[in-house]
Amino acid sequence: MLRRLIIAIRGDPVSLLHRLGHNVSRSVPAICLINRTLYADCQRPLRNGKVGRLYSTSIQHPSLRDIAAEIKAGRITNVVIMAGAGISTPSGIPDFRTPGTGLYDNLSKYNLPYAEAIFDLDYFSGDPKPFFTLAKDLYHEGCYRPNIVHHFVRLLSDKDVLQKMYTQNIDGLERAAGIPEDKLVEAHGTFATATCQKCWKKYDGDDIKEAILQSEVPHCQHPSCNGVIKPDIVFFGEQLPGQFYNFVTELPLAQLLVVMGTSLEVHPFAGMASYVSRSVPRILFNKEVAGSFLHEPRPSDVILAGDIVASVEEFCRHLRWSKELHELMKRDTS
Ligand code: CNA
């Protein structure tokens, strides 16, 4: 039986899984599909030593208060966060798509023909300056600080209920808020490390910081190279870090998914929201309803369409964590 299954999987895993009644996409690597399917129905220990008990809400249309009560009662212990640029707008960093302040509406500052060019490898090869202008903005020390939303995720971690945070952001504010590295997946890369685009020599982010702050394009120090050094930010068309794809095994173990500050328009990241079990509640904190919350809503979805700070504060009130959250912020910012 096992041999037949392996042969069938090698042949065409997607058709096989469809026949077994699993709705999966052809854009996901075969091994991920198999992992996802096999893990989805079983209980197994998580890396943090907790048992990945599958959580199924008995409440048909849970409210934010109901979910907070489940966390308080210790019935939800594995929370996965998916975050985007909207969690950093309260820190003053513009996102892509907010009308007026988003990068899409402010292309002249970066001298860009179109917004995505800032993360386009071909465009970068011809003119890396716009990207380094953005990098300089982000690097400015003390300019941008983590806000209450980052600290809320840190508090989830301190309370040992954060399974993993997946972020699309490249501003490093999750690290600055003290979210532990082993709980963090920077799906679109990081400024912490960098790579020469000619000889692939690796650099520490700090090695190129000075040049960027001086509005210069950093160049490789290797004798006879002089290639442009690019921070390890994932540009359009580049592979996401391998760690990102662990979501196919980790999301089926989540007992709650919280999606925050993202338009869910960038794939494959956006597709993750469909990987939690259908019986697990999903919360969306965003200005507008987005992605699968809009196109494939579930009865256990909880949507707070509005300002993310107000939504997180409301959640914390239900959790009775408001005082702790503000104390944590004060401690970290003093
Ligand atoms: P996006 O497409 O710009 O979407 C942001 C979402 O957040 C939108 O739906 C907004 O309505 C919403 N939003 C913004 N501010 C708030 C707020 N205060 N309260 C509630 N909702 C809010 O950005 P995504 O993250 O979805 O797109 C992914 C891109 C953006 C990634 O590749 C990022 O690297 C890239 N990006 C990152 C940063 C950063 O690191 N801070 C900044 C700009 C762009």
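Mentor: The expected span of a helix is 1.5 Å times one less than its number of residues. This is a predicted model, in which local features need pLDDT of at least 70, side-chain atom pairs count only at pLDDT 80 or more, and totals for chains, interfaces and linings use all residues. Residues are numbered from 1 along each chain as its sequence is written, and side-chain values use heavy atoms, without hydrogens and water.

Trainee: What span should helix 13 have, and how far apart are its end C-alpha atoms?

Mentor: The twelve residues of helix 13 (residues 308–319) should span 16 Å, and its end C-alpha atoms are 16 Å apart, which agrees. Helices (H or I, at least four residues) and strands (E, at least two) are DSSP runs, numbered from the N terminus.

Trainee: Which residues of helix 13 are buried?

Mentor: They are Ile-308, Ser-311, Val-312, Phe-315, Cys-316 and Leu-319. They lie on the same side of helix 13, because they cover an arc of only 135 degrees around the axis, taken from the directions from the helix axis to the C-beta atoms. Buried means under 20% relative accessible area with a 1.4 Å probe, protein chains only.

Trainee: What caps the N-terminal end of helix 13?

Mentor: Asp-307 does, with a side-chain oxygen 3.3 Å from the backbone nitrogen of Val-309. Just after helix 13, Arg-320 takes a positive phi of about 60 degrees.

Trainee: Changing topic, where is Glu-186?

Mentor: Glu-186 is in strand 3 (residues 184–186). Its relative accessibility is 12%, so Glu-186 counts as buried.

Trainee: Which residues does Glu-186 touch?

Mentor: Leaving aside residues up to four places away in sequence, Glu-186 touches Thr-167, Arg-175 and Pro-241, where contact means heavy atoms within 4.5 Å.

How values were computed:
Buried < 20%, exposed > 50% of the residue type's maximum accessible area, 1.4 Å probe, protein only. Polar contact = N/O pair within 3.5 Å; in protein donor to acceptor, adjacent residues only side chain to side chain.
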